[in-house]
Amino acid sequence: MEDSTRPGAATLVRIGLVALVALWILGPSMLRSALPIWLVFLVAVGLEVQFLVGALRAGPQEPPDRRPQQVDLERYGFEPEEELGEDDDLDDDRDDLDDLEVTAEARPFLLPVRRFVLGLGLIAALVLTIWLVDNRTGWDSLDRPTRGEAAARFSAEASRIAGKEVSIYCDESRDYVGAVQHADGVAIVGGDRAYLTPERCYDLYRLAFRDEVTWSRTARALTVLAHEAWHLRGIGDEGTAECYALQSGVELGRRLGLSQGTAERMMRQQLAENALRGAGTAEYVVSPECRDGGRLDLDASRTSFP
Ligand SMILES: [Zn+2]
């Protein structure tokens, strides 16, 4: 039977954690917004504590199946210690065993505690890595005038969609976004200000100021800005706001630097993804009327949709 306090389980957890953090940093932005990484670290710390407690409870006992059994010694008739020296893997294994044995007998708490400290050190290093990545890249890495210029541009574009003067704020303190029902932005219906997450603002900034496009992220950021703008215009229904946003997103994308064809393809993909995403967030699903010639078609004269 596998004992969870053995180093094998802890090692697997740590490898998994490193892989997850790497994926979180380098992977799709959907993972970033969907997976609260701090919760992952909390679970990791919890597991380390569990390993420590388990190891301390188990005490200085040896895993019995790893020792050469008396019956084996009798059967093979030699001291395995001498024979094992020729095999590197087994040699390492034996060294670990000796280490465990000596440490365990002399100071039974030292080895589990050392492993625990090592685990915590790894978690701390990963936390630091994410903190550095967050600070050196993204919206927070831009200087204040640049962020102001970008927010002014977003506000101007949102004002065109809302049909009135509105302000877009990139919520650096995250006071608004994330706490309310929207994951990416929030606006009061019919109001004059909306808040976007720094991630969405940064994707919009990259498009508008650097001509940098990351396909699905750029598409999502355009949709979110347009979606909040429609809320400001007075559309309260989420599905309707999203459907209108996908249509406004084409012109918005074009104005921020995309070609007409690229902007249309992006919004068409967003519409297709909407159906997939909808399962968890029912109020976001656009209605069947969100189609060319449908009730929610803003421009009946155009034959492509969105
Ligand atoms: Zn909304």
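Just after helix 9, Asp211 takes a positive phi of about 55 degrees, where helices (H or I, at least four residues) and strands (E, at least two) are DSSP runs numbered from the N terminus. This is a predicted model, in which local features need pLDDT of at least 70 and side-chain atom pairs count only at pLDDT 80 or more, while totals for chains, interfaces and linings use all residues. Residues are numbered from 1 along each chain as its sequence is written.

**The chain as a whole**
- The chain has twelve helices and three strands, and 28% of its 306 residues are buried, a residue being buried if 20 or more other C-beta atoms, placed from the backbone, lie within 10 Å of its own, exposed if 12 or fewer do, and partly exposed in between.
- Among contacts in the chain between residues at least 6 apart in sequence, 63% join residues at least 24 apart, with two residues in contact if their C-beta atoms, placed from the backbone, lie within 7 Å.

- Helix 9 (residues 198-210) is mostly covered, since ten of its 13 residues are buried, among them Pro198, Cys201, Tyr202 and Leu207.
- Asp211, which is not a glycine, lies in the loop between helix 9 and helix 10, and it counts as exposed because it has 10 C-beta neighbours inside 10 Å.

**Helix 10 against helix 11**
- The axes of helix 10 (residues 215-233) and helix 11 (residues 238-255) come within 8 Å and cross at roughly 120 degrees, where axes are lines fitted to C-alpha atoms, for helices over the stretch in contact, and angles run from 0 to 180 degrees between N-to-C directions.
- The contact is made by residues including Leu222, Ala226 and Trp230 of helix 10 and Ala241, Ala245 and Leu252 of helix 11.
- By class, this contact of helix 10 with helix 11 has nine nonpolar, six polar and one charged residues, where Ala, Val, Leu, Ile, Met, Phe, Trp, Tyr, Cys and Pro count as nonpolar, Asp, Glu, Lys and Arg as charged, and the others, Gly among them, as polar.

**A cis peptide bond**
- The peptide bond from Phe305 to Pro306 is cis, with omega near -5 degrees, and Pro306 is in the segment after helix 12 (260-277).
- Most residues other than glycine have a negative phi, and most peptide bonds are trans.
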